[in-house]
Amino acid sequence: MNNETQQAPAPQLVMRRKTFADLQAIALPAGYTMRHWRPGDSEAWDSIYADAFGIAFSAGAFHRIIRTDGPFRPERVWFVCKGDQPVATASAWRVIKYGPDAGYLHFVAVLRAEAGQKLGLAASLAALHRMALEGRSWAVLQTDDHRLAAIKQYLRLDFEPLLIHENQRERWRAVLAQLAM
């Protein structure tokens with residue numbers, strides 16, 4: 001295990017959005033803009049992800065994790081920016097095991113100083129709209145039991161729990177109880 005991963009119950013929780021037919025419009029607070037990845041953004045991605053998850057990345061994490069992965073396309077990696085500075089990110093990915101019709105919501109993160117403004121929601125919506133544009137018909141994501149704020153946002157985006165292992169039944173009950181749902 002390296003310093004870029006954390007131990008979590010296995011397997012990760014999975015959520016599914018059954019359709020893109022009813023995607024919300026992207027809404028940003030005043031002073032924020034949305035754009036996709038461009039050269040020079042790799043360090044910003046590293047910083048956002050490291051800050052959001054409290055992980056000490058080594059230099060070049062974006063390049064190793066995202067840029068060199070087969071599904072990488074600049075238009076699939078989205079940033080919410082405050083001025084010119086990226087402060088939140090989400091990616092529209094492909095993971096073969098979910099099939100050719102599935103999009104995969106990947107690496108959603110927001111700088112802690114920017115939390116609470118629904119920037120992760122906006123970045124996620126940009127990624128979901130991209131998946132729809134690319135012809136995907138549904139989406140999936142993986143998350144961890146303790147990421148309650150993220151799970152709450154995913155539920156707002158019409159994702160629902162997808163059981164892939166028997167141990168997730170009780171884990172989902174606990175998560176939803178913590179969210180008072």
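E134 forms a salt bridge with R76, the closest N and O atoms lying 2.9 Å apart. A salt bridge here is a side-chain nitrogen of Lys or Arg within 4 Å of a carboxyl oxygen of Asp or Glu. The pair links distant parts of the chain. E134 sits in the loop between helix 3 and strand 6, and R76 in the loop between helix 2 and strand 3, 58 residues apart. Helices (H or I, at least four residues) and strands (E, at least two) are DSSP runs, numbered from the N terminus. R76 is buried, with a relative accessible area of 8%. E134 is partly exposed, at 22%. Buried means under 20% relative accessible area, exposed over 50%, and partly exposed in between (1.4 Å probe, protein chains only).

The model is predicted: local features need pLDDT of at least 70, side-chain atom pairs count only at pLDDT 80 or more, and totals for chains, interfaces and linings use all residues. Residues are numbered from 1 along each chain as its sequence is written, and side-chain values use heavy atoms, with hydrogens and water left out.

Confidence was examined next. pLDDT is the predictor's confidence in each residue, from 0 to 100. The protein chain averages a pLDDT of 92, and 96% of the residues score at least 70. Among the elements, strand 3 has the highest mean pLDDT (98) and helix 2 the lowest (91). Over residues 1–5 the pLDDT is below 50. Beyond near neighbours in sequence, this stretch has 11 contacts in the model, a contact meaning heavy atoms within 4.5 Å. Where pLDDT is low, the predicted coordinates should not be read in detail.

The structure holds 13 salt bridges. Side chains of opposite charge can pair when their charged atoms come close. R130 pairs with E75, the closest N and O atoms being 3.9 Å apart. E75 is partly exposed, with a relative accessible area of 25%. R169 forms a salt bridge with E166, with the closest N and O atoms 3.1 Å apart. R169 is partly exposed at 38% relative accessibility, whereas E166 is exposed at 53%. Salt bridges that share partners join E75, R76, R130, E134 and R136 into one network.

Rolling a probe the size of a water molecule over the atoms shows where empty space is left. The search ran on a 1 Å grid over the protein atoms alone with a 1.4 Å probe. A pocket is an open set of points with protein on both sides within 12 Å along at least five of seven lines. Lining residues have an atom within 4 Å of a point. Grid points are joined across faces, edges and corners, and a volume is the space filled by probe spheres set on the points.

The largest pocket holds about 1200 Å³ of space. Its lining comprises 42 residues, of which Y49, F53, V108, R147 and Y154 lie nearest the centre. The lining divides into 24 nonpolar, 11 polar and 7 charged residues. Ala, Val, Leu, Ile, Met, Phe, Trp, Tyr, Cys and Pro count as nonpolar, Asp, Glu, Lys and Arg as charged, and the others, Gly among them, as polar. Strand 5 gives the most to this lining, with 7 residues. Helix 1 (42–53), strand 5 (102–110), helix 3 (119–133), strand 6 (138–143) and helix 4 (148–156) each supply at least two.

Helix 4 also has buried residues: I151, Q153, Y154 and L155. The buried residues of helix 4 pack against strand 1 (13–17), strand 5, helix 3, strand 6, strand 7 and helix 5 (168–178). A149 is found in helix 4 and counts as exposed, at 60% relative accessibility. A149 and I164 are 15 residues apart in sequence and 22 Å apart in space, C-alpha to C-alpha.

Backbone angles complete the picture. Just after helix 4, D158 takes a positive phi of about 70°, although D158 is not a glycine. D158 lies in the loop between helix 4 and strand 7 (160–162). D158 is partly exposed, with a relative accessible area of 40%. F107, in strand 5, has a phi near 50°, a positive value in a residue other than glycine. F107 is buried, with a relative accessible area of 18%.
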